[in-house]
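Please examine the structure shown below. The paragraphs that follow lead from a pocket to the molecules held in it.

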Amino acid sequence: MKALLEILEPGNREWELACSLDPARMPAHVAVIMDGNGRWARRRNLPRVAGHRAGVEPVRVAVETCARLGLQSLTLYAFSKENWKRPKSEVDTLWRLLTYYLSREVPRLMANNIRMRVIGHTEALPVKVRQELCEAIQITSSNTGMILNLAINYGGRTEIVDAVNRLISEAREEGTLDNLVVDEEAIESKLDTAGQLEPDLLIRTSGEMRISNFLLWQIAYAELYVTEICWPDFDRTCLLEAIAAYQKRDRRFGGLRPAQASPATEAEAVSAPIR
Ligand code: IPE
Ligand code: IPE
Ligand code: MG
């Protein structure tokens, strides 16, 4: 938190929002479906790719802000398995923007002690993009701060299927296939995000009320926050507002808040005849 206040101007809205956050109730992991680039551009009579271009700066801001807030992980949905359905020219622009982002941002990731990782199937990406990603992952690997997971050519269902297949092939290699136990812990240990905490907060921009195959396993108990703002307009204030809203949520994980469970009246009701 202190690290964030250092880069904000005292007195403005971002500063006030940051000061209003409760450091004890910070999400450990935030995941973001960065949506609405195309609509942002269309509303301005610009080609869709202009929206993608305008979406680069908010990525930089979100990454730095989350690192300075002391989050353990930030996962950004950059390209889904299903996004290959788009015109090749749009997909190629997305790869160009990704390499541009990486070439400019690695020094900043280093300055903010961020470890970059990729979740998803990178083998399908153009060689140049894969090389840039590998380099960024390698260069930032010994950092000790926030983990930045970029979800690229990612699909939540595929991730779960991959995890199960990894369990099967490891057991086959070890000759333990007959005794293989597939439980939640085993699957979790083979997910792309293994070892990280699950997202506490899932943000989706541009108003769509869906998950679009993102982190299906990990968001079982994430708090959902959907904003009408399109990704290119999602600035630091929007991010801090999302975290402030998260801090007001009542997370019960299937249980009850202490105030809801009043033992005396509950006991009475339980012993009453069922009609
Ligand atoms: C999100 O914006 C970026 C990617 C999916 C790569 P969109 O391109 O989906 O923008 P809309 O939803 O069409 O407005
Ligand atoms: C989800 O957005 C994928 C990313 C943000 C990278 P989409 O725009 O692809 O999702 P749908 O098609 O609206 O569900
Ligand atoms: Mg979209």
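The lining of the largest pocket is made up of 15 nonpolar, eight polar and six charged residues. This description rests on a predicted model. In total, 29 residues line the largest pocket, and those nearest its centre are Met-34, Asn-37, Tyr-77, Ala-78 and Phe-79. The space within the largest pocket amounts to about 690 Å³.

Several elements of secondary structure contribute to this lining. Helix 3 (37-42), helix 4 (48-54), helix 5 (56-69), strand 2, helix 6 (88-111) and strand 4 (147-154) each provide at least two of the lining residues. Helix 6 gives the largest share, with five residues.

Where does ligand 1 sit? Ligand 1 is found in the largest pocket. Around ligand 1 are Met-34, Asp-35, Gly-36, Asn-37, Gly-38, Arg-39, Arg-48, His-52, Ala-78, Asn-83, Arg-86 and Leu-94. Sorted by class, this shell holds three nonpolar, five polar and four charged residues. Helix 3 and helix 4 each supply at least two residues of the shell around ligand 1, and the largest share, three residues, belongs to helix 3.

Polar contacts can be followed atom by atom. In the side chain of Arg-86, an N or O atom lies 2.6 Å from an oxygen atom of ligand 1. For the side chain of Arg-48, the corresponding distance from an N or O atom to an oxygen atom of ligand 1 is 2.8 Å. Asn-37 takes part through its backbone, where a polar atom is 3.1 Å from an oxygen atom of ligand 1. Of the 380 Å² of accessible area that ligand 1 has on its own, the protein covers 87%.

Ligand 2 also sits in the largest pocket. The residues around ligand 2 are Ile-33, Met-34, Asp-35, Tyr-77, Ala-78, Phe-79, Asn-83, Arg-86, Arg-204, Arg-210 and Ser-212. Five of these are nonpolar, two are polar and four are charged. Strand 2 (residues 73-80) contributes the most to the shell around ligand 2, namely three residues.

Which side chains make polar contacts with ligand 2? An N or O atom in the side chain of Ser-212 is 2.6 Å from an oxygen atom of ligand 2, and for the side chain of Asn-83 the distance from such an atom to an oxygen atom of ligand 2 is 2.9 Å. Arg-86 places a polar side-chain atom 3.2 Å from an oxygen atom of ligand 2. The protein covers 77% of the 390 Å² of accessible area that ligand 2 has on its own.

Definitions and conventions
Residues are numbered from 1 along each chain as its sequence is written. Chains are lettered from A and ligands numbered from 1 in the order in which they are written. This is a predicted model: local features need pLDDT of at least 70, side-chain atom pairs count only at pLDDT 80 or more; totals for chains, interfaces and linings use all residues. Side-chain values use heavy atoms; hydrogens and water are left out. A residue is near a molecule or strand if one of its heavy atoms lies within 4 Å of it. A polar contact is a pair of N or O atoms within 3.5 Å; within protein, one must be able to donate a hydrogen and the other to accept it, and residues adjacent in sequence count only if both atoms are side-chain atoms. Accessible areas come from the Shrake-Rupley method with a 1.4 Å probe; for residues, only the protein chains shown count as cover. On a 1 Å grid over the protein atoms alone, a cavity is a set of points where a 1.4 Å probe fits but cannot get out, and a pocket is an open set with protein on both sides within 12 Å along at least five of seven lines; lining residues have an atom within 4 Å of a point. A molecule sits in a cavity or pocket if more than half of its atoms lie within 2 Å of its grid points. Helices (H or I, at least four residues) and strands (E, at least two) are DSSP runs, numbered from the N terminus. Ala, Val, Leu, Ile, Met, Phe, Trp, Tyr, Cys and Pro count as nonpolar, Asp, Glu, Lys and Arg as charged, and the others, Gly among them, as polar. Grid points are joined across faces, edges and corners, and a volume is the space filled by probe spheres set on the points.
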